[in-house]
Amino acid sequence: MKVSLSAQHIVKRYSGVVALADGNLNVESGQVVALLGANGSGKSTLSKIITGVVAPNEGQLLLDGRPVTFASPQAAKKAGITAVYQELSLIPDMTVAENIWLAHEPLQFGVRINRREMRRRTDALLDLFSGAFHTLDADALVADLPPDEKQIVEILKAFSLKPRVMILDEATASLDSRQVDRLFNLIQQWKAENLAIVFVSHRMEEIFRVADRATVLRNGITVGDVAISETNERELVNLMIEASATPRRHERTVAADAPVRLSVRGLRTQALKGIDLEVRDGELLGIGGLQGQGQSELLLALFGAIPWTGEVTLSGEPVHFRHPRAAMEKDVAFVPGDRASEGLLYIRSILENLLLPSWQRYGIPLQLDRGRQDATRIADDLGLVRPSMDAPVSALSGGNAQKVVIGKWLLRNPKLLLLNDPTKGVDVGAKAEFYNLLNDLRQAGTAILFYSSDDVELLELCDRVLVLHDGKVSAELSGSDLNRANLVAASMGSGHMNHEPA
Amino acid sequence: MNLLRLQRYANRNSYLFALLLLVVVLAINYSLQPSLFELRVLNGNLRNWFPLMLLAAGQTIVIIGGGIDLSAGAMVSMVNALLVGSLLTAESTPDEVLLGALIACGAGMLVGAINGFCVAYLRLQPIVTTYATSFIYAGVALYVLPRPGGAIPADLARTYRSTPLDIPFVVYLIVLLILFWLALRATRFGQYLFATGGQPNAAYASGVPVNFVRFLTYVLSGLFAALAAIALTISVSTGNPRIGDKMTLDSIVAVVVGGTRPNGGQGGIIGTVMGIVILGTIRNIISFANVPTWSQTLVDALIIIAALTGPGLIRLIRRRFQ
């Protein structure tokens with residue numbers, strides 16, 4: 001049966017912030033439409049709206065030409081629309097078969113689960129990927145599977161619902177090349193069976209292999225819908241970035257003789273596949289790329305919060321932090337991305353939050369007055385707008401709360417500052433103040449490693465930007481190479497657009 | 001390949017550690033009390049343990065579903081008080097007994113539904129909620145039966161103590177309980193239960209009615225509390241409005257000792273049945289070994305700790321040797 005799905009002029013606002021301003025997407029039976037866009041362009045919001053996870057504020061969805069609204073993911077599933085997400089929807093302590101058939105188990109006499117039938121159907125599904133996995137079988141516990149095989153289970157689970165429209169959201173991210181080949185063969189087969197597929201991927205190469213059309217989002221607006229056979233990588237990248245988008249860059253140079261503060265060789269974690277980098281005192285090194293390419297892991301590893309292998313030297317001295325405390329003793333500070341869960345104790349006072357990492361200095365013997373003086377000085381330096389030092393952090397605006405997150409580390413005078421996407425959800429005015437603060441810190445000689453999911457921010461602030469892709473550095477951009485086109489191209493895993501690779 | 005199958009079996013059947021512990025404590029008990037496996041002793045022990053076994057079975061379902069029921073014991077007190085205080089007398093006819101039992105089950109399910117409604121739909125924290133409601137149920141018990149006393153037909157106790165085919169009557173009931181569990185596991189609700197306790201968000205995204213499943217676990221816990229109260233009432237043949245007070249903690253200990261994961265998502269009633277036998281046997285040992293009874297609490301605590309670390313240790317050792 002043929003199907004067509006069309007999202008028209010979709011608008012989605014999250015508490016005042018527009019995530020999607022004019023989202024449009026059309027897909028029909030036998031078609032693979034690639035959905036592309038830079039970070040924050042609204043592609044995940046759009047796919048969540050199509051699958052009923054998020055309700056739109058304006059615009060409409062047409063299924064087979066008729067307007068529909070989905071109150072929940074279940075409603076979308078009933079209409080034949082399913083999604084394979086990156087955040088897996090599997091139950092670790094249940095078997096592969098139980099997971100695939102959860103909530104639509106084959107029954108006997110209407111009540112008893114027909115395990116034999118369930119296994120038979122699971123084996124039939126697994127045959128689709130036969131030879132492309134190692135341990136996977138119907139009775140394996142999902143908890144025991146490696147990430148790629150979990151992803152395969154997730155794909156098969158979505159397919160087991162016999163969908164008419166399937167959304168593959170970064171479904172290839174953890175698959176190896178053989179598994180990707182198999183998936184693409186399946187997609188060709190499913191196309192022939194009238195399935196409509198939306199393919200969200202950050203790998204350009206895959207988009208050109210599998211997609212028929214590409215829909216490009218930029219700043220929440222669908223800016224292009226092109227046939228893959230009539231376009232090329234460069235055109236797509238240009239669509240993803242604004243034509244006039246070459247933000248004014250403030251040229252800054254770091255003295256070439258500034259001492260190297262941090263040097264990293266072959267750093268590996270589960271997500272990182274060998275990272276080399278060097279930061280000098282007073283340098284602001286940007287880390288870019290699409291979200292989830294290992295940027296946070298890099299910062300966490302350097303802070304000693306997750307296990308890693310490789311060589312790291314701090315001011316020429318080899319170090320291997322196994323606990324954040326060890327990193328803190330060497331004047332390394334980490335500003336987390338998620339203020340609410342990692343950065344602040346919301347119901348406690350500003351003073352307590354600021355002093356939290358520094359009790360070693362004020363705790364023994366107890367020097368509350370000096371602690372309060374120092375904390376107040378930092379708060380004044382940061383221009384922290386506050387009712388009083390004893391007011392709870394929850395009383396502060398987002399931007400001011402963010403100042404507390406950073407302020408608590410400034411009290412320790414860090415020599416190396418690790419920033420994990422610190423301006424997420426911070427309003428524009430507060431961002432500007434934050435940028436000034438970063439500049440002051442670099443003037444004072446602090447080395448800063450700055451991960452941001454906001455490309456414009458990286459372009460405006462950084463001397464150099466390392467772009468991460470699949471846990472590797474796909475490009476190091478500086479000087480005139482550091483522009484939007486190169487940044488986007490590198491985050492999609494392709495080479496430089498305007499210049500030859502260095 | 002066989003090793004893999006064994007490992008999977010161990011993963012699915014979390015009571016293997018309990019089984020080991022069971023063998024050990026039974027052996028110790030047997031060495032202190034050679035008559036342990038004689039029909040008379042066996043029957044006496046099982047009869048004493050069976051009410052708690054039923055209560056812990058309900059607790060198991062709640063815990064697998066990711067919750068906990070601290071009102072279990074109070075529900076037992078309440079149903080016991082209802083049975084003795086207003087539903088039955090020593091002269092009740094079999095029909096009246098049956099009706100009384102049905103009303104008791106209904107009352108248990110009703111108070112279980114109150115717990116379930118608060119936890120699943122009002123999203124109240126399970127520990128706090130069921131602790132609070134336990135006072136309501138205990139209050140009802142005292143209202144219905146202000147002081148211990150009362151009686152029920154003597155025939156009931158006679159049946160309960162009987163040994164048809166030289167097997168204690170209670171053993172047939174335990175077999176029924178295990179069959180009930182195996183049947184439940186084979187239904188869709190069984191899958192939903194483990195999914196809800198294992199990863200509620202993923203379960204919701206897969207179309208599992210997570211709230212309704214949570215609600216039902218508490219209703220079932222109420223039903224099992226009522227059944228436990230019926231068994232207990234028959235066993236002691238009298239009423240006491242505080243009879244179940246101490247049973248809540250024991251039911252939780254038995255569930256955990258039986259290998260059910262305290263956070264939910266894994267475990268089963270078969271393990272809980274073993275957990276009850278382990279607890280009861282340990283108490284036997286304490287009384288036979290002339291250990292002061294005040295140390296019983298200490299031993300209980302040590303057993304819980306051993307039960308909590310045991311399965312983890314096995315997993316750790318397995319990982320070492322892989």
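## Two chains in a predicted model

Helix H3 (residues 39-64) of chain B packs against helix H11 (residues 210-236) of chain B at an angle of about 175°, and their axes are 7 Å apart. The model is predicted: local features need pLDDT of at least 70, side-chain atom pairs count only at pLDDT 80 or more, and totals for chains, interfaces and linings use all residues. Residues are numbered from 1 along each chain as its sequence is written, and chains are lettered from A and ligands numbered from 1 in the order in which they are written.

Two packed helices are described by the angle between their axes and the distance between the axes. Axes are lines fitted to C-alpha atoms, for helices over the stretch in contact, and angles run from 0 to 180 degrees between N-to-C directions. Helices (H or I, at least four residues) and strands (E, at least two) are DSSP runs, numbered from the N terminus.

H3(B) and H11(B) are therefore roughly antiparallel to each other. Angles over 145 degrees count as roughly antiparallel, under 35 as roughly parallel, 65 to 115 as roughly perpendicular and the rest as oblique. On H3(B), the residues that make the contact include Phe50(B), Leu54(B) and Ile61(B), and on H11(B) they include Leu220(B), Phe224(B) and Ala228(B). By class, the contact of H3(B) with H11(B) holds 16 nonpolar, 5 polar and 1 charged residues. Here Ala, Val, Leu, Ile, Met, Phe, Trp, Tyr, Cys and Pro count as nonpolar, Asp, Glu, Lys and Arg as charged, and the others, Gly among them, as polar. Two residues are in contact if their C-beta atoms, placed from the backbone, lie within 7 Å.

H11(B) also packs with helix H5 (residues 94-121) of chain B; these axes come within 7 Å and cross at roughly 150°. The crossing of H5(B) and H11(B) is right-handed. A crossing is right-handed if the near helix is turned clockwise from the far one by less than a right angle, and left-handed if anticlockwise. The contact of H5(B) with H11(B) divides into 22 nonpolar, 7 polar and 1 charged residues.

Chain B has 14 helices and 0 strands. The radius of gyration of chain B is 20 Å, close to the 20 Å that the globule rule gives for 322 residues, so chain B is as compact as a globular protein of that length. That radius is taken over C-alpha atoms, and the globule rule is 2.2 Å times the number of residues to the power 0.38.

Chain A has 18 helices and 22 strands. For its 502 residues, a compact globule would have a radius of gyration near 23 Å, and the 25 Å of chain A agrees with this.

| Chain | Span of the C-alpha trace |
|---|---|
| Chain A | about 75 × 50 × 45 Å |
| Chain B | about 65 × 50 × 40 Å |

Of the 502 residues in chain A, 45% are buried, and of the 322 residues of chain B, 47% count as buried. A residue is buried if 20 or more other C-beta atoms lie within 10 Å of its own, exposed if 12 or fewer, and partly exposed in between.

Contacts between residues at least 6 apart in sequence can also be sorted by separation. In chain A, 67% of them join residues at least 24 apart; in chain B, 81% do.

### Where the chains touch

The contact between the chains takes 19 residues from chain A and 18 residues from chain B. On the side of chain A that touches chain B, helix H2 (73-78) and strand S8 (112-113) of chain A each supply at least two residues. H2(A) gives the largest share of that side, 3 residues. The residues of this side of chain A divide into 11 nonpolar, 2 polar and 6 charged.

Leu61(A) is in strand S4 (residues 58-63) of chain A. Leu61(A) is buried, with 22 other C-beta atoms within 10 Å. Leaving aside neighbours within four places in sequence, Leu61(A) is in contact with Ala7(A), Ile50(A), Pro67(A), Val68(A) and Thr69(A). The C-alpha atoms of Leu61(A) and Leu5(A) are separated by 7.3 Å, although the two residues are 56 residues apart along the chain.

Thr309(A) lies in strand S16 (residues 309-314) of chain A. Thr309(A) is exposed, with 12 other C-beta atoms within 10 Å.

Leu173(B) belongs to helix H8 (residues 169-185) of chain B. Leu173(B) is partly exposed, with 17 other C-beta atoms within 10 Å.
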